Amino acid sequence: MTFHPASAPDYLPIPRMRELQLARLRGIVARAFERVPLFRQRMEERGLDPDCLSDLADLARLPFTTKSDLRDTYPFGLFASPMAEVVRLHASSGTTGKPIVVAYTHQDLEVWTSVMLRALAACGVTAGDVVQNAYGYGLFTGGLGAHYGAEALGATVIPISGGNTDRQINVMKDFGVTAICCTPSYFLHLVDRAGELGIDIRSLPLRAGIFGAEPWTDSMRRRIESEGGIRAFDIYGLTEIVGPGVGIECDCQDGLHLFEDHFYPEVIDPETGEVLPAGEEGELVLTTLSKQAMPLIRYRTRDITRLLTEPCPCGRTVRRMTRIARRSDDMLIIRGVNVFPSQIEAALLQVEGTLPHYQIILEREKGLDAMEVQVEVTPQVFSDEVRVLEGLHQRLVKALDHTLGLRVGVRLVAPRTLARSEGKAKRVVDRRES
Ligand SMILES: [Zn+2]
């Protein structure tokens, strides 16, 4: 694989990386202390000041930042730069409560572009690739983040944004698209729609997909890779930290490398807040080491992962984390049993005859939680005899029972029954509160 000069920090010797991180950490903590009243107040309550950082482990003494802090200080309360230095705002639509707003200086945008460039380069995208950017453009960070990274890499960018599926397919075919950026569920929708139009995506030059903005499993990856005839890479990011480009899978597809020269990772016990030893699973906490407009110290992502300590065969020295299959606030409690949507996805995709489109419906019946999993079946199965459908139904119930330790309802639905999303798929419909 060709090496892009911007990827040099991916390969820094580890002691050199730790020095760089400590120097940047001291700088960013001092900046936040001077300029962000909430952070200063929390530091002072703990009797801390920026001089308390003599090595990276001292970071564990600092207070956390949470999503509620961003909401409580809406819109600009955590900014560390005057508006005259802020050149971009993004926001995430809050499904509950207020949205959150994030800010970028020129320097912040350069950093974002550089990490997105490194992300795309790690999945083998180069100048000469034609990149269809089907992430939404606008306040959502996905579109512009991928856009500038791909341009800086020298790839040809098609800023098509999300939606208008038939046009997406025509563009993919007519413009010789070789790489696509979107959510994994939207890509599957593109594959299905292309099939209806008589176009087999596997016959097109498309060879790589960079998929993020929603959790997805390895089972889903296998479906995407076989149905799309591509390699599917997982990209990680979040608006609060920068947008997409915090981490990316390399060619080995075994964990996501974190661009830790800019985003310092810790994994904590989500209950106690204690930092866990390397390799243990817990909640990912990130500190922005270079963000000027809105530095976040020890931001609790709610994403559950673990850091891999073994060196990656690709030669990158930046640490990897396992794929985010679940978030601590995604957990569903069904009749006292903890259930994650990713477990359901993995169980469904083990069974032949289903499509990777499903939805989880939660209801309360006579005071008890009831869960029904609706899953689309393939057109072949759907047109088959009733007993074939019955057999499939039984296998699905069994697979879910085995994975979850819980009997749940399964409803087989016709292909293309469930609503498709142009962005993040809505996997869970919880009607228990209403
Ligand atoms: Zn690697």
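Visitor: How many residues lie between β18 and β19 in their hairpin?
Guide: There are 2 residues between them. One to look at is K366 in the turn, with a positive phi of about 50 degrees. Keep in mind that this is a predicted model.

Visitor: In which sense do β18 and β19 pair, and over how many bridges?
Guide: They pair in the antiparallel sense, over 9 bridges. Strand β18 covers residues 354-365 and β19 covers residues 368-377.

Visitor: What stands opposite E365 in β19?
Guide: L368 does.

Visitor: Which way does β18 run relative to β21, parallel or antiparallel?
Guide: Parallel, with 3 bridges joining β18 to β21. Strand β21 spans residues 428-430. In this pairing, I361 stands opposite V429.

Visitor: And is β18 mostly covered or mostly open?
Guide: Mostly covered. Of its 12 residues, 9 are buried.

Visitor: Switching to helices. Which residues of α8 are buried?
Guide: S219, M220, R221, R223, I224 and G228. The helix runs over residues 218-228.

Visitor: What do those buried residues of α8 pack against?
Guide: Two helices are on the list, α7 (184-196) and α9 (341-350). The strands are β6 (208-211), β7 (231-238), β8 (243-249) and β18.

Visitor: What follows α8?
Guide: G229. Its phi is positive, near 60 degrees.

Visitor: Now the sheet with β6 and β7. What is the strand order?
Guide: β4-β3-β5-β6-β7-β8-β9-β14-β13. That is an open sheet of 9 strands with mixed pairing.

Visitor: Which strands are at the edges?
Guide: β4 (156-158) and β13 (307-308). Each pairs on one side only.

Visitor: How many bridges join β6 to β7?
Guide: 4 bridges, and the two strands run parallel.

Visitor: Which residues of β3 are buried on each side?
Guide: V130 and Q132 are buried on one side, V131 and N133 on the other. Both faces of β3 are covered. In a regular strand the side chains alternate between the two faces of the sheet.

Visitor: New topic, aromatics. How many aromatic pairs are there?
Guide: The count comes to 6. One of them is F3 with Y11, a tilted pair with 5.1 Å centre to centre and 55 degrees between the planes.

Visitor: What about F76 and F79, how do they pair?
Guide: Tilted, at 5.1 Å centre to centre with 35 degrees between the planes. F76 counts as partly exposed at 39%, whereas F79 counts as buried at 10%.

Visitor: Which residues form an aromatic cluster?
Guide: F187, F211 and W216 form one. W216 also has the charged end of R323 over its ring, 4.3 Å from the centre.

Visitor: Which ring does K291 lie over?
Guide: The ring of Y104, with K291 over its face at 4.8 Å from the ring centre.

Visitor: Zoom out. How many helices and strands does the chain have?
Guide: 11 helices and 21 strands. The C-alpha atoms fill a box of roughly 70 × 55 × 40 Å along the principal axes.

Visitor: How does the radius of gyration fit a compact globule?
Guide: It agrees. With 434 residues, a compact globule would be near 22 Å, and the chain has 22 Å.

Visitor: What share of the residues is buried?
Guide: 55% of the 434 residues count as buried. The chain exposes about 18,500 Å², with 51% of it supplied by carbon and sulfur atoms.

Visitor: Last one. Among contacts between residues at least 6 apart in sequence, what share joins residues at least 24 apart?
Guide: 64%.

Definitions and conventions:
Residues numbered from 1 in each chain as written. Predicted model: local features only at pLDDT ≥ 70, side-chain atom pairs only at ≥ 80, totals over all residues. Heavy atoms only, no water. Phe/Tyr/Trp six-rings, centres within 6.5 Å; stacked < 30°, edge-to-face > 60°. Buried < 20%, exposed > 50% of the residue type's maximum accessible area, 1.4 Å probe, protein only. Lys NZ or Arg CZ within 6 Å of the ring centre and 35° of its normal. Rg over C-alpha atoms; globule rule 2.2 N^0.38 Å. Contact = heavy atoms within 4.5 Å. Areas by Shrake-Rupley, 256 points an atom, 1.4 Å probe, with all protein chains shown as cover. Pairing = 2+ DSSP bridges.
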